[in-house]
Amino acid sequence: MKNNLINDINSYINYLNSKGLSVSVHGKTISGLIENNIHKNSYCTFIKTRDEAWKRCVKCQQKVLKAYNNDYLFGMCHAGVEEYVFYVDDKTFISISGYGIDKEKAVERINRLSYEYHFDKSELLTVYEQGLIHKKENMSELKMLVKPLCHMLSLLQIMIGDIQALESKSKIFDSILAFVQNNIMQDITVRSIADACACSESTVSHLFKEYTNQPVKKYINELRIKQAEKLLLTTNLPINNISLLCGFADTNYFSTAFKKRFGLSPAKFRAKNSL
């Protein structure tokens, strides 16, 4: 039953994302939901290309947990992105992110971000303008959409609490996915994953097959292609830049992999969807 609930939660998050929201779940007991543990809007994807900037994002999440209340919060992170936060309890919260409402305040943070982490300021501003939503949500409508997710996550917390032997392999796979997401720009191999997560290469391969029904390399390529798709649709960054930002060191390989997935080269895909 727990696995069915996890599948339903992930499906509902995908549904909310299809409605134009950028939903992620954060906290201490999110086993099985790790794929939805990161902000996936194009601006946050861009910020994650600097490891130190991403580590600061993780610290911000801890501050959000400490600000726990029974309603919701709306605020801006260190990178200038605004988000709605709904608390499940004092251990878990839901983020609806990807908003750029207060541009004046955001520009101050973008200036600091570009200086501290050596971003190209003009690129940051471009992705901010093109990759974020610049109007607030209707709160009554947003609450109606998010509250069912809060209740499902609360039920999951109860079920996990009742299952003392929370599967060790599930925890290992969560750490494996977290490593992949955190290092998507790097040259990731089964060996590097195994070393980082203190397990064998065969364990990494086996768990990927069990949980994603995909080999490791295929999963990583799919994740990179998804990030590239988002950047192509929401920014006008050069394709060479997008290739590097998504972990493709070889632009030609990126173009080949992208065309295999979408039937169009990155340039033609962008041109077709910008009409």
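## Confidence

Keep in mind that this is a predicted model. The protein chain comes out at an average pLDDT of 85, and 94% of its residues score at least 70. Looking element by element, strand β3 (residues 82–87) has the highest mean pLDDT, at 94. At the other end sits helix α7 (residues 168–182), with the lowest mean, 77.

## The largest cavity

There are 3 cavities of 30 Å³ or more in the structure. The largest cavity holds about 230 Å³ of space. Its lining is made up of 20 residues, and the ones nearest the centre are His-39, Cys-44, Cys-57, Gln-61 and Cys-77.

Where does the lining come from? Helix α3 gives the largest share, with 5 residues. By residue type, the lining splits into 11 nonpolar, 6 polar and 3 charged.

## Nonpolar cores

Now for the packing. The largest nonpolar core counts 31 residues, and Tyr-43, Ile-47, Leu-113, Phe-119, Leu-124 and Ile-242 have the most contacts inside it. At least two of this core's residues come from each of α2, α4 (103–117), α5 (121–131), α10 (216–234), α11 (239–245) and α12 (251–262). In soluble globular proteins, nonpolar side chains tend to be buried together.

Setting aside neighbours within four places in sequence, Tyr-43 is in contact with Ala-79, Val-81, Ile-110, Leu-113, Leu-124, Val-127, Tyr-128 and Leu-132. Two of these partners, Leu-113 and Leu-124, are also listed among the residues with the most contacts inside the core.

## Glu-82

Is Glu-82 buried or exposed? This residue lies in strand β3, and it counts as buried because its relative accessibility is 6%, against a cut-off of under 20%.

What surrounds Glu-82? Leaving out neighbours within four places in sequence, its contacts are Phe-74, Gly-75 and Met-76 on one stretch of the chain, plus Ser-97, Gly-98, Tyr-99, Gly-100, Ile-101 and Asp-102 on another. As for Lys-136, it is 54 residues away from Glu-82 in sequence, while the C-alpha to C-alpha separation in space is 9.8 Å.

Conventions:
Residues numbered from 1 in each chain as written. Predicted model: local features only at pLDDT ≥ 70, side-chain atom pairs only at ≥ 80, totals over all residues. Heavy atoms only, no water. pLDDT = per-residue confidence, 0-100. Helix = DSSP H or I, 4+ residues; strand = E, 2+ residues; numbered from the N terminus. 1 Å grid on protein atoms, 1.4 Å probe; cavity = no way out; pocket = protein on both sides within 12 Å on 5 of 7 lines; lining within 4 Å. Points joined across faces, edges and corners; volume = space filled by probe spheres on them. Nonpolar A, V, L, I, M, F, W, Y, C, P; charged D, E, K, R; others polar. Core = buried A, V, L, I, M, F, W, Y, C linked by side-chain atoms within 4.5 Å. Buried < 20%, exposed > 50% of the residue type's maximum accessible area, 1.4 Å probe, protein only. Contact = heavy atoms within 4.5 Å.
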